[in-house]
Structure formats: structure tokens, C-alpha cells
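Today I opened the model to look at helix packing and charged pairs. Here are my notes, in the order I looked things up.

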Amino acid sequence: IEGDLFGDGHLQGNPKWRLDFTSSSTDELKRFGKEFYLQFSVKGKIRKCTTNKFGTTYNYGINNKPISRVLFLCGVPTGNKVLQQTKIPRWILLNKLYFTRFAQRLFDCEGCVDVSSKCIEINMSKSSNLIEDGYEFFRQLKRYLMKYHGIKTTNPFTITGFNTRKDGIKTKPIKIKIKNKESLIKFNENVGFETYSKRQ
């Protein structure tokens with residue numbers, strides 16, 4: 001759940017304290033809903049996302065203030081993740097099973113398989129004043145992929161220019177790649193993708 005919310009999810013803080021998980025696949029939303037129900041015995045609702053102009057997406061929305069506050073205390077950032085500091089929670093980093101599941105969900109949400117370059121890439125955008133914070137987040141991911149599974153990645157990197165959002169805020173995508181053949185095999189065996197198309 002934490003990995004999903006760090007990726008394609010959104011946790012609203014005061015005063016609403018609610019959360020959404022977004023996907024173009026209703027199967028993905030049902031998977032998230034099932035995971036959430038197993039942990040908290042709370043169900044949400046699927047609705048069409050009206051703010052996305054780049055295709056049809058849906059939100060799985062959950063209105064539950066106590067659980068939303070608990071998730072915040074467990075390290076999920078509230079609000080727009082592009083515009084604030086984010087770190088992988090320490091309790092996740094210190095447990096191999098927790099970290100592996102967190103990484104799997106993060107790669108499923110934010111990663112892609114580049115068939116032409118024979119690599120796996122993951123990227124997340126940060127505002128221009130938080131580029132170093134983005135680097136540190138991916139350094140955490142890099143260190144613990146190596147520590148727990150011997151998976152080598154590139155150092156975090158970004159593009160030369162900035163992307164300008166419609167609100168005028170400049171952002172950059174921070175990226176790491178898994179390019180080494182042995183590491184790609186280890187990723188597939190130990191972390192992997194749940195999304196069928198990415199597994200293929």
C-alpha cells in the first residue's frame with residue numbers, strides 16, 4: 001500500500017484526510033482495493049478521473065480519516081509529491097520483505113521496460129528546488145536493491161533542461177536504470193513486475 005501511494009497514489013492531509021489510487025486499469029484498482037481491504041477491512045469506490053487529459057484513467061477513492069492519518073504516520077507523504085521532500089520510510093528499509101514489496105509496487109507504478117535499450121527504467125519528477133531530494137530518494141532505492149538482492153543500477157540522473165507545468169513550476173524527472181544482464185535477471189527473480197504487460 002505504501003509503495004502504491006508513493007507511486008500512483010495520493011494522500012490528502014488536513015482537513016480531508018482521504019486517499020486515491022489512480023490507474024487506467026480497473027483491474028489494478030481492484031487489486032489495490034483488495035490489498036487495502038485485507039489490511040483495514042475498508043472498501044473504497046472506483047470513479048472516472050476527470051482531471052487527466054492524456055487518456056482515460058480511474059481513481060480508487062477511500063474516505064477514512066483515521067486510516068489516512070495512520071498511513072501518514074507510517075511515512076506516506078501528503079499532497080503533491082513533486083513539490084515536497086520524500087524518503088523511503090526507515091521501517092521499510094530495514095526489512096528485506098517490506099522493502100522488496102515496496103520496490104515492486106513502486107516499479108510497477110513508475111517503472112518501464114525499455115526493450116530497445118534492454119533495460120528497466122524508473123523515474124519520478126521533482127520541482128527544480130528539490131532535485132537533490134529526488135536524487136537521495138533514488139540513492140536509497142539503489143542502495144537497498146544492491147543490499148538485499150545484488151541488483152546494480154545506474155546512479156540517479158536527470159535531463160539537461162526543465163519541464164514547465166501548466167502552473168509554471170519547473171520540474172525534472174529523476175531516473176535510475178537497471179542495465180546489467182545479471183541484475184535484470186535478479187530483478188525479475190526477486191522483485192519483478194505484477195503488471196502483465198511489463199512482465200512480458
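I started with α5 and α6, whose crossing is left-handed (the near helix is turned anticlockwise from the far one by less than a right angle). I took helices as DSSP runs of H or I, at least four residues, numbered from the N terminus. The axes of α5 (residues 96-110) and α6 (residues 131-149) come within 11 Å and cross at roughly 125 degrees; axes are lines fitted to C-alpha atoms over the stretch in contact, with angles from 0 to 180 degrees between N-to-C directions. That makes α5 oblique to α6, oblique being what is left after under 35 degrees (roughly parallel), over 145 (roughly antiparallel) and 65 to 115 (roughly perpendicular).

A reminder on provenance: this is a predicted model, where local features need pLDDT of at least 70, side-chain atom pairs need 80 or more, and totals for chains, interfaces and linings use all residues. Residues are numbered from 1 along each chain as its sequence is written, and side-chain values use heavy atoms, without hydrogens and water.

Next I checked salt bridges (a Lys or Arg side-chain nitrogen within 4 Å of an Asp or Glu carboxyl oxygen) and found 19. R105 and E28 meet in one of them, N to O 3.0 Å; the pair links helix α5 to helix α2 (residues 26-40), 77 residues apart. R105 is buried at 2% relative accessibility, and E28 is buried at 16% (buried is under 20%, exposed over 50%, partly exposed in between, with a 1.4 Å probe and protein chains only).

I also noted E35 with R101, at 2.8 Å between the closest N and O atoms.

Methods. Helices (H or I, at least four residues) and strands (E, at least two) are DSSP runs, numbered from the N terminus.
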